[in-house]
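Subject: Structure handover

Hi,

Here is the structure we talked about. Please open it alongside this note and follow the residues as you read.

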Amino acid sequence: MNSPMSIPSMPSSADSSIGGILLASGKITPESAERVLRMQKELGIRFGEAAQRLGLITEADIQQVLARQFDYPYLQAGENKFSEELLAAYQPFSPQVEQLRAVRSQLMLRWFARGRKSLAVVQVNETDGASMFAANLAVVFSQLGENTLLVDANLRKPSLNTVFDLRPGQGLSDVLAGRADASAVTRIPSFVSLSVLGAGTLPPNPQELLSRSAFSAFNAQLEASYDVTLYDVAPFALGADALAVAARAGGVLLIGRKDHTLLADINTITEEIRHSGAEVVGAVMIDK
């Protein structure tokens with residue numbers, strides 16, 4: 001726990017030109033690249049336009065390459081095995097993701113601009129959708145260029161390994177038990193600056209584990225290494241795990257579901273979070 005934290009390095013792209021990215025992604029072959037270069041020279045057009053005229057790539061391919069050149073990568077449908085509900089990755093220009101960006105902007109102004117680096121995403125009930133919301137929020141923070149870590153602190157029923165197609169392995173519970181260190185963090189190479197720390201081994205005592213002082217020390221390590229650390233936690237209705245995480249993060253974003261979450265429950269949770277010493281930064285009502 002006291003060892004310096006190391007962050008997995010991001011593979012660098014040797015050639016960030018549109019041709020280099022298309023070659024690296026397998027969209028074109030070296031042989032077809034020569035055909036493109038000949039047409040580009042003959043007609044005096046751009047490489048991407050020539051490749052498109054030859055039927056080698058589509059407009060969607062060009063838009064994706066441009067996104068990578070401007071450090072705003074996103075995925076095409078069917079690419080990777082991430083959850084299809086990860087809209088910030090697959091549909092970054094949809095109205096839903098635009099609303100996510102609005103939430104991100106509010107959080108930047110109200111919380112992270114105040115020098116805070118950690119935030120717990122807390123839902124009232126299990127079906128409120130906070131885990132997927134936290135995953136999408138982490139993606140849009142990384143798209144902003146913030147070095148972002150998403151931590152699965154739901155030690156009862158974790159889900160983020162499935163969302164990002166990660167193999168089960170050591171995670172937060174193992175770190176807090178002293179059986180692992182920050183090397184358990186996995187960088188997600190599909191994005192510029194997004195990493196995920198899974199929940200790890202399911203413990204018999206999640207609340208006690210999250211209440212250990214080791215968690216405070218580990219959170220301090222994370223805050224020294226990442227611009228934004230988001231914690232996904234077990235639903236408030238399943239226990240007081242959320243309060244333990246909130247106390248470490250210092251701030252909470254409450255998640256409810258339209259026509260499902262009771263206002264009285266939100267008020268009760270808000271009061272309990274304040275008593276824990278944490279601050280409720282805001283609340284989001286998901287419509288689904």
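On the H6 side, the residues in contact are Val97, Leu100, Val103, Arg104, Leu107 and Met108. On the H7 side, they are Phe133, Asn136, Leu137, Val140 and Phe141. Keep in mind that this is a predicted model.

H6 spans residues 95-110. Its axis and that of H7 lie 10 Å apart, and the two helices pack at an angle of about 75 degrees. Angles of 65 to 115 degrees count as roughly perpendicular, so H6 and H7 are roughly perpendicular to each other.

Next, the core. The largest nonpolar core has 41 residues. Which of them touch the most other members? They are Leu137 and Phe164. Helix H7, residues 130-143, gives this core its largest share, ten residues. A second core is separate and has 37 residues, among them Val122, Val175, Ala184 and Val245.

Now helix H2, residues 30-43. It has 14 residues. From first C-alpha to last, H2 reaches 20 Å, close to the 20 Å expected at 1.5 Å a residue. Which residues of H2 are buried? Ser32, Ala33, Val36 and Met39 are. These four cover an arc of only 125 degrees around the axis, so they sit on the same side of H2. Pro30, Glu31, Lys41 and Glu42 are exposed on the other side.

What do the buried residues of H2 pack against? Their partners are helix H1 (18-24) and helix H3 (47-53). Just after H2 comes Gly44, with a positive phi of about 65 degrees.

Last, helix H12, residues 241-249. This one is mostly covered, with eight of its nine residues buried. The buried set holds Asp241 and Arg248. It also holds Ala242, Leu243, Ala244, Val245, Ala246 and Ala249. Gly250 follows H12, and its phi is positive, near 90 degrees.

Best wishes

Technical notes. Residues are numbered from 1 along each chain as its sequence is written. This is a predicted model: local features need pLDDT of at least 70, side-chain atom pairs count only at pLDDT 80 or more; totals for chains, interfaces and linings use all residues. Side-chain values use heavy atoms; hydrogens and water are left out. The expected span of a helix is 1.5 Å times one less than its number of residues. Buried means under 20% relative accessible area, exposed over 50%, partly exposed in between (1.4 Å probe, protein chains only). The arc is that of the directions from the helix axis to the C-beta atoms. Contact means heavy atoms within 4.5 Å. A nonpolar core is a set of buried Ala, Val, Leu, Ile, Met, Phe, Trp, Tyr and Cys residues joined through side-chain atoms within 4.5 Å. Axes are lines fitted to C-alpha atoms, for helices over the stretch in contact, and angles run from 0 to 180 degrees between N-to-C directions. Angles under 35 degrees count as roughly parallel, over 145 as roughly antiparallel, 65 to 115 as roughly perpendicular and the rest as oblique.
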